Amino acid sequence: MKPKQFAAVLVIAAGLVPGLSAQVKSAHYEIFAPEETGDASIEMEQRFQGYNRIFRFDPSLLAAPLRVRIFTQQEEYDSYVSLRLGNTRPGAVYLHYDNPAFRELVVHRGGEEEARLLPHQAFIQFLRAFVPQPPAWIREGFASYFNSLVFNRETETLEYTENLDWLDAAKNAPADPQEVLLADAENMPQDFQARAWSLVAFFAGAGDPGPEKPDYRRALTDAFMVLSPSASTEENTRAVYNRIKLAAGMDELKRDHDGYLDSKKSFIDLINEGQRAYGNKDFAAAAERFREAAKLKPGHYASYYYQGLLAYEDRNYAGAEEFYKTAMEKGGDRALIQYALGVNAVAAGKTGEAAALLEEAAADPGTYGKRAGELLKRLR
C-alpha cells in the first residue's frame with residue numbers, strides 16, 4: 001500500500017522524532033538511530049554492495065541518499081509507521097514516495113520480525129531507488145532471494161545461506177514462467193511470491209551455458225539494462241520480458257526452470273527421504289539426508305532428533321545423547337525426547353539416569369508418556 005500523501009509534509013528532522021539522537025552518513029545511506037545502533041551503516045553498506053554485485057546500477061544516479069530510520073522501542077516504531085500508513089507493520093517497512101527525499105526504510109531494531117523482514121524491505125529500498133517502478137517478479141523475487149542474507153553483528157559481515165523457504169510452494173504452483181514475467185502487464189498469477197522467487201533463483205543459479213543451452217545468467221543481467229527509472233511498471237515489465245525472450249523461448253525456459261525445481265530439495269524433502277532411508281535400514285543415506293537438512297534449517301529440531309536415532313543404532317550412546325539434547329534445545333517435543341534419552345540411557349547401562357528421565361517423560365499424557373511408563377515398570 002502506498003504511504004498516505006499527506007506524509008510528504010510531515011516534519012522528518014531526526015531531532016524531532018523521539019528516540020532518534022544519532023545521525024550517521026555513509027557512502028550511500030543516511031541513518032537516524034539511537035546511539036547504540038552504530039553498526040547499522042556497516043550493515044546497510046554491505047547490503048548495498050551485495051545487491052549491486054548483481055544489478056550493477058550506477059550509484060552516481062541516486063537522487064538522494066537512502067534513508068534508514070531505526071527505532072528500538074516498539075511503541076515509538078508503531079506510532080511512526082501508523083502515522084504514515086494508517087497502521088503498523090512488523091519488523092521493518094520501506095515507505096516509498098514520488099519525491100526521493102521522503103523515501104525511507106523504517107526498522108524496529110530488536111523486534112521479533114526484524115531478522116525476517118529487514119533483508120526483504122532493504123532490498124526493495126535499494127531497487128526502487130534506481131527503478132521506482134520495477135517488474136513485480138524482480139522486486140518480490142529478489143527480495144525473497146536475499147531474505148537469508150543475514151548480518152552478523154559480532155563479525156560485522158553478511159552471511160548468506162540458500163533460501164529454500166518457498167521451494168515447496170513453488171513446486172506445487174502452476175509452472176509457467178511467462179505468467180510470472182508478465183504479471184504486471186497481464187494478470188497477477190496465483191502463488192506469485194513463490195513463483196517469483198523460483199524464477200529468480202533459477203536465473204541466479206543457472207550454470208554455464210552449453211553449446212545448445214541459453215545463457216540464463218546473461219539473460220538476467222541483460223534484462224536489468226533495459227529497466228528505466230522513468231518507465232511505468234508495465235513498460236518495464238514488457239521491456240524485460242522482450243529482452244529475456246531474445247535469450248530463450250518460453251517453452252525452453254519452462255522446461256529448464258522445471259528441471260531446476262525438480263533438482264532442488266527442501267527441508268521437508270530431505271527429512272522425508274531420510275525417514276524412508278532409515279525405515280529401509282540404509283543408515284548411511286539417512287545420515288546424509290539429515291545432515292543436509294540440518295544445514296538448511298539449523299534451528300529446527302527434527303534433523304538432530306533423527307541423527308540421535310542413527311547414533312543410537314550405531315551404539316554411539318554419547319553421540320545420541322548430544323543429538324537428543326540439541327533437538328530439545330531447538331524446540332522438539334519434550335516427552336518424545338525424554339523418552340528417547342531414557343531408552344538411550346538404558347542401552348548405555350545408566351539405569352539410575354534412565355529412571356529419572358523416564359519418570360519425567362511418563363508424566364506426559366501422550367503416547368510417549370505411556371511408553372515411558374511401560375519401560376519404567378520393566379526397569380523396576
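User: What does Phe 142 touch, leaving out residues up to four places away in sequence?
Analyst: In this predicted model, Phe 142 touches Ile 54, Phe 55, Phe 123, Trp 137, Val 200, Leu 220 and Phe 224.

User: Which residues touch the most other members of the largest nonpolar core?
Analyst: Those are Trp 137 and Phe 142, in a core of 64 residues. Helix 7 (residues 192–205) supplies the largest share of this core, with nine residues. Another core lies apart from it and has 26 residues, including Ile 271, Ala 287, Ala 294 and Ala 340.

User: Okay, and which residues of helix 8 are buried?
Analyst: Helix 8 covers residues 216–225, and its buried residues are Tyr 216, Ala 219, Leu 220, Asp 222, Ala 223 and Phe 224.

User: What covers them?
Analyst: The cover over the buried residues of helix 8 includes helix 1 (40–55), helix 4 (136–145), helix 7, helix 9 (233–247) and helix 10 (250–263).

User: Let me zoom out. How many helices and strands does the chain have?
Analyst: There are 17 helices and seven strands. The C-alpha trace spans about 80 × 60 × 35 Å along its principal axes. Of the 380 residues in the chain, 47% count as buried.

User: Now Gln 125. Is that one buried or exposed?
Analyst: Gln 125 is buried, because its relative accessible area is 2% and the cut-off for buried is under 20%. Gln 125 belongs to helix 3 (residues 114–130).

User: What is Gln 125 in contact with, neighbours within four places aside?
Analyst: Gln 125 has contacts with Tyr 29, Met 44, Leu 66, Arg 67, Val 68, Tyr 94, Glu 104 and Leu 105.

User: Off to the other end. How do helix 15 and helix 17 cross?
Analyst: The axes of helix 15 (residues 334–347) and helix 17 (residues 367–379) come within 9 Å and cross at roughly 25°. Angles under 35 degrees count as roughly parallel, so helix 15 and helix 17 are roughly parallel to each other. Helix 15 passes helix 17 in a left-handed crossing.

User: Which residues make that contact?
Analyst: From helix 15 come Ala 335, Leu 336, Tyr 339, Val 343 and Val 346, and from helix 17 come Tyr 368, Arg 371, Ala 372, Leu 375 and Leu 379. Sorted by class, the contact of helix 15 with helix 17 has nine nonpolar residues, no polar ones and one charged.

User: And at what angle do helix 16 and helix 17 pack?
Analyst: Helix 16 (residues 351–362) packs with helix 17 at about 145°, and their axes are 8 Å apart. The crossing of helix 16 and helix 17 is left-handed. Helix 16 brings Thr 351, Ala 354, Ala 355, Leu 358, Glu 359, Ala 361 and Ala 362 to meet Tyr 368, Gly 369, Ala 372, Gly 373, Leu 375, Leu 376 and Leu 379 of helix 17. The residues of this contact divide into 10 nonpolar, three polar and one charged.

User: Switching to backbone angles, what is phi for Asp 191?
Analyst: Asp 191 has a positive phi of about 55°, although it is not a glycine. Most residues other than glycine have a negative phi. Asp 191 sits in the loop between helix 6 (177–181) and helix 7, and counts as partly exposed at 36% relative accessibility.

User: Last one: where is Arg 315?
Analyst: Arg 315 is in the loop between helix 13 (302–313) and helix 14 (317–329). Phi of Arg 315 is also positive, near 60°, and Arg 315 counts as exposed at 68% relative accessibility.

Technical notes:
Residues numbered from 1 in each chain as written. Predicted model: local features only at pLDDT ≥ 70, side-chain atom pairs only at ≥ 80, totals over all residues. Heavy atoms only, no water. Axes fitted to C-alpha atoms, helices over the stretch in contact; angles between N-to-C directions. Helix = DSSP H or I, 4+ residues; strand = E, 2+ residues; numbered from the N terminus. Parallel < 35°, antiparallel > 145°, perpendicular 65-115°, else oblique. Left-handed = near helix turned anticlockwise from the far one by under 90°. Contact = heavy atoms within 4.5 Å. Nonpolar A, V, L, I, M, F, W, Y, C, P; charged D, E, K, R; others polar. Core = buried A, V, L, I, M, F, W, Y, C linked by side-chain atoms within 4.5 Å. Buried < 20%, exposed > 50% of the residue type's maximum accessible area, 1.4 Å probe, protein only.
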